[in-house]
Amino acid sequence: MFVRCAYVIILMAIYWCTEVIPLAVTSLMPALLFPLLKILDSKQVCVQYMKDTNMLFLGGLIVAVAVEHWNLHKRIALRTLLWVGAKPAQLMLGFMGVTAFLSMWISNTATTAMMVPIVEAVLQQMEATSTATEASLGALELADKGKASELPGSQVIFEGPAMGQRENCDRKSMCKAMTLCVCYAASIGGTATLTGTGPNVVLLGQMHELFPDSKDTVNFASWFGFAFPNMVIMLLLAWLWLQCIYMGFNFKKSWGCGLERKNNEKAAYEVLQEEYRKLGPFSFAEVNVLLCFFLLVSLWFSRDPGFMPGWLSVAWAEGETQYASDATVAIFVAMLLFVVPSQKPKFNFCSQTEEERKIPFYPPALLNWKVTQEKVPWGIVLLLGGGFALAKGCEVSGLSEWMGKQMEPLHAVPPAAITLILSLLVAVFTECTSNVATTTLFLPIFASMSRSIGLNPLYVMLPCTLSASFAFMLPVATPPNAIVFAYGHLKVSDMVKTGLMMNVIGVFCVFLAVNTWGRVIFDLDHFPDWANVTHIET
C-alpha cells in the first residue's frame with residue numbers, strides 16, 4: 001500500500017514542480033487517486049480538505065481583504081514612510097519595515113503590489129529632480145516629468161561624461177536596491193505570524209495531522225515569539241546586504257548630503273505627502289477595520305499565552321479538551337466584518353427629509369460577499385487540504401514508518417548538521433516550486449525521520465518551514481519577485497547574485513533562532529511524548 005501512496009506523492013510532486021495543471025487542481029488528486037488505489041476511502045480523504053487549520057487561514061484572509069478594500073494598508077505604509085524620513089538609507093529601511101509589517105497580516109503578493117508603485121513614484125520623482133539639479137535649474141517644480149521634458153537643456157550634464165555616467169550608474173543601483181528590498185521584505189515579513197504565509201499554516205496542519213497529541217504546542221503566540229525576532233534580525237541583515245552591494249555602504253551618499261541629495265529627499269518626501277493627501281481624512285470604515293484587526297490580534301495573543309492563563313481557560317477548556325482554537329477567533333472577527341457598519345448610522349429620525357427616509361437606517365457593512373469572493377485566493381485552501389490528505393495517506397499506508405526506518409542511519413549525524421543541511425535543501429527546492437507545495441512534500445518526510453532517530457520533530461520542521469519562504473533568487477520563485485521584476489529595473493543576474501546571499505542569511509538566521517530562543521519556547525532538547533510512534537499507531 002505504501003508503494004501506491006509513494007506513487008501518488010511522486011506524481012503530485014512532478015505536477016507541482018512543472019505546473020502542467022494549476023497547483024490547486026493538482027491538490028485534488030488525493031481525493032481521486034486514494035480511493036481508486038485503495039489507500040483511503042473517499043470520506044476519509046475529503047474530510048482533510050476543510051480542517052481547523054484551513055478555517056484559521058480563511059479567517060485571516062478575509063480580514064486581510066477588509067484591510068485592502070478600505071486602503072488601510074496604504075495609509076499605514078505612507079504614514080510610516082513620512083515618519084521615517086526620505087534619506088536613501090532611511091527610506092529603504094522604511095520601505096522594508098512597512099512591507100514586512102503588512103505582509104505579516106495580509107498576503108505577500110498584495111503587499112508588494114501596493115508598495116512597488118509607491119517606490120516607483122518616489123524613484124521617478126527623485127530622478128526628475130536630479131536631472132533638474134544637474135541642469136542647474138534648481139526649482140522643485142521641475143520634478144514634474146512633463147514640465148522637465150519641455151524645458152530646453154534639461155538633460156545637460158555639467159560634471160563631464162565620467163561623472164555623469166557614475167551618477168547614472170548610482171541611480172540604477174539605487175532603483176535596484178529600492179525595488180528588491182520590497183519583495184525581500186514581503187517574503188521575510190510573512191514568516192513572522194502563523195497566518196502570514198502558506199508554509200506556516202501547513203506546519204500547523206501537519207502537526208495536528210501527524211501528531212494529534214501535540215495539542216497547542218504551535219499556536220499563534222508561540223509561533224510569534226519564535227519567528228518575530230528571527231524576522232527582525234533577517235530584515236536588518238537584508239538591509240545591510242542591499243546597502244553593501246548596491247549603495248557601497250557610503251554613509252555620505254546613503255544618509256544624504258549636498259544640494260542634489262537635499263533636493264532628492266525633498267522630492268521623495270513631497271511624493272509621499274501627496275499620496276497621503278489623496279487618501280483624505282481617516283474614514284469611519286477605516287477606524288472600524290482597524291478596531292476589528294486589533295481585536296483579532298489581541299484575542300489570538302490572549303487565548304492561551306503560555307506564561308499565564310488565557311481567556312480559553314475561563315469557559316472553553318474542560319480537562320484535555322479545548323473548545324476554542326485560533327481558527328475560532330479568526331472566523332469570529334471575519335464574521336464581524338460582515339456586520340460592523342462602514343458609515344455612521346443616522347439617528348435623527350425627526351429631522352430627516354423624504355429622500356433620507358428612503359435610505360436604509362443601517363448602512364452597508366465593511367465587507368460584502370461579492371468583494372470577498374473576488375479577492376480571497378480560494379486555491380490556497382485546496383492546496384492546504386491536498387497537503388493534509390497526503391499526510392493522512394502517508395500515515396495510514398505505512399509510508400511514514402517505512403521512510404523513518406530508511407533514515408535511521410542519520411542517528412550518527414549531529415542534529416544541528418541535519419537541520420542545516422535540510423534547511424539548505426528546502427531553500428534551494430523552493431526556488432523552483434511553490435512554497436506551500438515544498439512544505440507539504442517535505443514536512444511529513446522530516447517528521448518521520450526525526451521520530452525514527454529520536455529527535456524532537458519541531459527541531460527539523462520549524463527551520464524547514466521558514467526556509468520554504470526564502471525564495472529570493474529567481475523572478476518566478478514567488479509572486480513578489482515577479483511583480484518587482486516586471487518594473488524593468490532588474491536583470492535575472494541581479495536577482496541571482498543578491499538572492500544567493502539572502503538565502504545564506506536566511507538559513508543562518510533560522511539556524512540561530514532554532515538553537516537559541518527556539519529551544520526554550522518549544523523545549524527542543526527533549527523528545528516529546530506526543531511524537532512517540534505508539535501515539536501515531538493508535
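Tutor: Let us begin with helix H20, where 14 of the 19 residues are buried, so the helix is largely enclosed by the rest of the structure. Please keep in mind that this is a predicted model.

Student: How do you know that the span of H20 agrees with what a helix should show?

Tutor: The expected span is 1.5 Å times one less than the number of residues, and for the 19 residues of H20, residues 379-397, this gives 27 Å, which agrees with the 27 Å between its end C-alpha atoms. After H20 comes glycine 398, whose phi is positive, near 90°.

Student: Which residues other than glycine have a positive phi?

Tutor: One of them is glutamate 19, with phi near 55°, and this residue is found in the loop between helix H1 (2-18) and helix H2 (23-26). Another is asparagine 71, with phi near 60°, which is found in the loop between helix H5 (52-69) and H6.

Student: Why is asparagine 71 called partly exposed?

Tutor: Its relative accessibility is 33%, and because buried means under 20% and exposed means over 50%, a value in between counts as partly exposed.

Student: What makes phenylalanine 101 and tryptophan 105 an edge-to-face pair?

Tutor: The structure holds 19 aromatic pairs, and in this one the ring centres are 6.4 Å apart while the planes stand at 65°.

Student: Why is the pair of tryptophan 369 and tryptophan 378 called tilted?

Tutor: Their ring centres are 6.0 Å apart, and their planes stand at 50°. Stacked planes are under 30 degrees apart and edge-to-face planes over 60, so an angle of 50° leaves the name tilted. Tryptophan 369 is partly exposed, with a relative accessible area of 46%, and tryptophan 378 is partly exposed as well, at 33%.

Student: Are phenylalanine 101 and tryptophan 105 buried or partly exposed?

Tutor: Phenylalanine 101 has 35% relative accessibility and counts as partly exposed, whereas tryptophan 105, at 14%, counts as buried because the limit for that word is under 20%. Both belong to one aromatic cluster, whose members include Phe220, Phe224, Phe228 and Trp300.

Student: How do you know that the charged end of arginine 79 sits over the ring of tyrosine 276?

Tutor: The distance from the ring centre is 5.1 Å, and the cut-off is 6 Å, with a further condition that the charge lies within 35 degrees of the ring normal. Arginine 75 likewise lies over the face of phenylalanine 282, at 4.9 Å from the ring centre.

Student: What makes glutamate 275 and lysine 74 a salt bridge?

Tutor: In general, side chains of opposite charge can pair when their charged atoms come close. The N to O distance between glutamate 275 and lysine 74 is 3.6 Å, and because a salt bridge needs a nitrogen within 4 Å of a carboxyl oxygen, the name applies. The pair links distant parts of the chain, with glutamate 275 in helix H14 and lysine 74 in helix H6, 201 residues apart. Lys74, Glu275 and Lys278 are linked in a network of salt bridges.

Student: Why is glutamate 275 called buried, and why is lysine 74 called partly exposed?

Tutor: Glutamate 275 has a relative accessible area of 18%, whereas lysine 74 has 21%. The boundary for buried is under 20%, so these two values receive two names.

Student: Which residues does the salt bridge of lysine 176 join, and how do you know that it is one?

Tutor: Lysine 176 pairs with aspartate 494, and their closest N and O atoms are 3.3 Å apart, which is within the 4 Å limit. Lysine 176 lies in helix H10 and aspartate 494 in helix H26, 318 residues apart, and both residues are buried.

Methods:
Residues numbered from 1 in each chain as written. Predicted model: local features only at pLDDT ≥ 70, side-chain atom pairs only at ≥ 80, totals over all residues. Heavy atoms only, no water. Phe/Tyr/Trp six-rings, centres within 6.5 Å; stacked < 30°, edge-to-face > 60°. Buried < 20%, exposed > 50% of the residue type's maximum accessible area, 1.4 Å probe, protein only. Helix = DSSP H or I, 4+ residues; strand = E, 2+ residues; numbered from the N terminus. Salt bridge = Lys/Arg side-chain N within 4 Å of Asp/Glu carboxyl O.
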